[in-house]
Amino acid sequence: MPTVTTTGAAAMSGVWDRRISPVARHLVPIAIAVVFSGPAAFVLWRTFRLGALSESLDEIIDPLWRTIQLAVLVSATAAVIGTGLAWLTTRTDLPGRRFWRVVLILPLVLPSFVGAAAFIAGLAPGGIIHDALESIGIDAPRRFRGLGAAWLVLTAFTYPYVLLPVTARFANLPANLDESARMLGLSSTATFLRVTLPQLRPAILGGSLLVFLYTVSDFGAVQLLGYDTLTRVVYATRQTNRALSFAAASVVLILALAVVALERSQRGAAQPDRRATVRPMRPIRLGWRAMPALLACTVVAGIGLVVPVASLGTWAQRGLAEGRIGFGELIDPTISTASVSVIAAVVAVGVVLPVAIATTRRPSPSSQAAAVAVIGGFAIPGLVLALALAVLTLNTPALSRWYQTLPVLIGAYVIHFGSQALASSESAVRAVPANLRESGRLLEPRRGRRWFHVDLPLMRPGLVAGGGLVMLATLKELPATLLLSPIGFSTLATEIWASYEEGFYAATGLASLVLIMLSALLTWALVLRRSDVIRS
Amino acid sequence: MASTPHTPQVATRHAAEVALDGVTVSYDGVEAVSDVSLVVPGGSITALLGPSGCGKTSLLRAIAGLERPTAGTVTVGDRPVSGPGTWVHPERRHVGMVFQDGALFPHLTVAQNVDFGLRAAGRHGRRLGRSERTDRVRDALELVDLAGLGDRLPDTLSGGQQQRVALARSLAPQPAVLLLDEPFSALDATLRVQVRAEVADILREVEVTTVFVTHDQDEAFVLGDRVAVLHEGRIEQVGTPDDLYRRPATPWVAGFVGEANFVQGLLGAALADDGGTEHGGDAPPTGHAATLLGSVPVSLHERSDAETPMPPEEAPHTEIAAPAENPTADEAAAISVLVRPEHVSLHPGRCALVTNVEYYGHDVRYELELKDGSTLAARTTSSHLYARGDRVCVRYEGEMAEAWPA
């Protein structure tokens, strides 16, 4: 076994790190922890102060039940679809495996509220689904609302959260585990159930919990699809009944934190990745089953990608042809979207890097607290975070001039998505091992030069990847942007939202397509191009 | 080999013979194994030895049923398991296999791993009861000397322990044949020797027919009763380790199983047919060859297969011109004589220059430059140490040497 010595965190802290004063060493992580956990703490404190929870329990219990119902349905369905597709595209001789491996991940580039809008617009008179159904003599459903609709839409755009980790797990599962089971007398089906599935379980569970979190936190899709979940209560009552709004926000928050805590503990229990085997697995012959398998892939890709894009595309194309919309109107929102995303990415990496350095090189209670707070930021549903920051700035006299300003908006993005940069930043820091820094120190006494010539070049890929993930998430963010944007500041997401509310589907379509293109480009650069997803 | 049924205290096993006949394995049209026939006697330990890419692992996997040969038949015991119109799935062959990295199921404890094959239904026509399985697991873990570790997870064990668990796991269902795929190559050097010795003890104790794959000549010789040397998908030679080392069938085998000098020589006029030259005989003709090491008794092989390349890189190749004092050139034939370094003795004199000295303690390896500029490796246990730059004389001191037409 090629022994790669993983240098322990303790061993990585070189002697000179101790020169940093204890105050700075602890103060920075603690400050970061306070900022990241502040909004959540505020929501809970405020709810407690208002005595809101007991007061509005009756009004919360139904939405809570609906939220959980939807989240369970969506995550269970996504688990089955994601695992099945991962198996089809990695372990079988499915025709066009590489093509499917890419295409089946792409629904990820559609934010769920865009997907919901695309389905609603498609089913409206003049929409592509409506017309297609008419042409074969079926009346399109009048309303596309409620549990069923939310279940379909959210599943269609979130199953890749299961597909990706399970595909990765399949890829580095040693083939000889399966072979061992066969040699010990198990049939291929029994081998899958007793050996393969237990190996996949952490990946499936982790992915499903992410889907659960996504569904619980989702605001845009359920809002558009008229399914009353907790986030919808938070949004609807945020100005009229603040106690109810905060109570609902607290419940979503606690639910989300619990899910993230569970997901984290799962991740800890996950098997360490073994090196992939030299001998690739012989693909399983599908035979006649290739046809239903292809059909399943086509349906999933159709619902998650082709139909929504086509629906948005026809509306946009019609609007362009009739001259009612133009790309000119989208220049400003596109620039705004791109700039806030880039700024959020840079700030997030800048804030998270010290945490990453602290956790990997000198772990301490304060650095751990900061890491937990950063990860916790991901758990806070965007709407809850936005509500907290809006109310906090609006109602605190000292902060009121920050209400609906860009710094607070960027701050919300950083708190919400900083965790996406944390993992990459930690691996970036690990890319500069102690012995390298020590030899750098022996050769170059100037700290600054070492930083620029040794640390930064080695960290760059990790930092760029982390920043890219933050950018991607920021592009697609809706509720924080909606609540915290300065007056007159519009991004692609708010543009889509506003035009949809006006029933101006053509504008919705065009802005959505631009957003999808941007996010597809970024996804390509970040995920698909680098990972083993495409290569077999 | 002891093929008589014997009852070790751990468990009884039936040692089945494995027969391969004309087996060919191809990947996407490329033949990894070409037309290999081999019989592994019941209860013996046979090594498949060869450099990487020689097809040895493919051959092993064909016995296991993890690869389907494109031609030929495989028989385990008296049961054909692979052949035209015959295919027995791997799980039904009663064959155990230990993989390079153990391939323990990481989600199961050590005991559950060992139990795994016992739970498979219908293995021997009947299901084992729970208590019987517990006993078998305990016995198997005792066999590999890991009795106390049943509750541990594989990740908490050392590499050597994992390999022993893998061995226990594959032996527990009492397979007819045990296959080992480079079982020690994932271990580091010192551990490898130790685990190898332990495994050798266990295999001899249970007397299971064993086929193992290795690229390491030491491993093949130490562990194997018989060794089959594979080269480019074909078997070059099958024999005991001693056969292979002392009577290699081809120069390639000679070079692969140990360090070899190939010394050029002239077959003397007295090409004595004293060994019985008659073509039907097994023994090749023998005679004496004149070389720079003096007169060497040789046993002359047919010209080796033209497509067989000369031995691996590490063997210094000596080109020694015929000594001038032997003028019977018209009758003499140029041959290449295999001289193992330990058959070279050094004497005071000025015929060769010591160019390198490697001191190993139990012996010393010298590299020498002969008069004509060719190099020669010598190993000697003599207490007299020469130094780099010394001048010495060399002489052949060994039994009958193998030789091939140059």
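**View 1. The hairpin of β17(B) and β18(B) has 5 residues between its strands.** Within this hairpin, Gly373(B) takes a positive phi near 95°. Strand β17 covers residues 364–369 of chain B and strand β18 covers residues 375–380, and the two pair in the antiparallel sense over 6 bridges. Two strands pair if DSSP finds at least two bridges between them. Strands (E, at least two residues) and helices (H or I, at least four) are DSSP runs, numbered from the N terminus. Across the pair, Tyr366(B) stands opposite Ala378(B) in β18(B). The model is predicted: local features need pLDDT of at least 70 and side-chain atom pairs count only at pLDDT 80 or more, while totals for chains, interfaces and linings use all residues. Residues are numbered from 1 along each chain as its sequence is written, and chains are lettered from A and ligands numbered from 1 in the order in which they are written.

**View 2. An open sheet of 6 strands lies in chain B.** The strand order is β7-β8-β9-β3-β10-β11, with mixed pairing. β7 (95–98) and β11 (234–239) of chain B stand at the edges with a single partner strand each, so one side of each has no neighbour in the sheet. From one strand to the next the twist averages 20°. Strands β3 (residues 45–49) and β10 (residues 226–231) of chain B pair in the parallel sense over 4 bridges. Leu48(B) stands opposite Ala228(B) in β10(B).

**View 3. Helices α9 and α11 of chain A pack at an angle of about 160°.** Their axes are 8 Å apart, with α9 running over residues 160–171 and α11 over residues 188–217. The axes are lines fitted to C-alpha atoms, for helices over the stretch in contact, and angles run from 0 to 180 degrees between N-to-C directions. α9(A) is therefore roughly antiparallel to α11(A); angles over 145 degrees count as roughly antiparallel, under 35 as roughly parallel, 65 to 115 as roughly perpendicular and the rest as oblique. The residues that α9(A) gives to the contact are Tyr161(A), Val162(A), Pro165(A), Val166(A) and Arg169(A). Those from α11(A) include Leu200(A), Ala203(A), Gly207(A) and Tyr214(A). Residues are in contact if their C-beta atoms, placed from the backbone, lie within 7 Å. By class, the contact has 10 nonpolar, 4 polar and 1 charged residues. Ala, Val, Leu, Ile, Met, Phe, Trp, Tyr, Cys and Pro count as nonpolar, Asp, Glu, Lys and Arg as charged, and the others, Gly among them, as polar.

**View 4. Helices α2 and α18 of chain A cross at roughly 80°.** α2 (residues 22–50) and α18 (residues 382–395) have axes that come within 9 Å. The two helices are therefore roughly perpendicular to each other. Pro39(A), Phe42(A) and Val43(A) of α2(A) meet Val384(A), Leu385(A), Ala388(A), Leu389(A) and Leu392(A) of α18(A). This contact has 8 nonpolar, no polar and no charged residues.

**View 5. Chain A touches chain B through 16 residues, in contact with 20 residues of chain B.** On the side of chain A, the elements that give two or more residues are α10 (175–183) and α11. The largest share, 6 residues, comes from α10(A). By class, this side has 8 nonpolar, 6 polar and 2 charged residues.

How values were computed: Contact = placed C-beta atoms within 7 Å.
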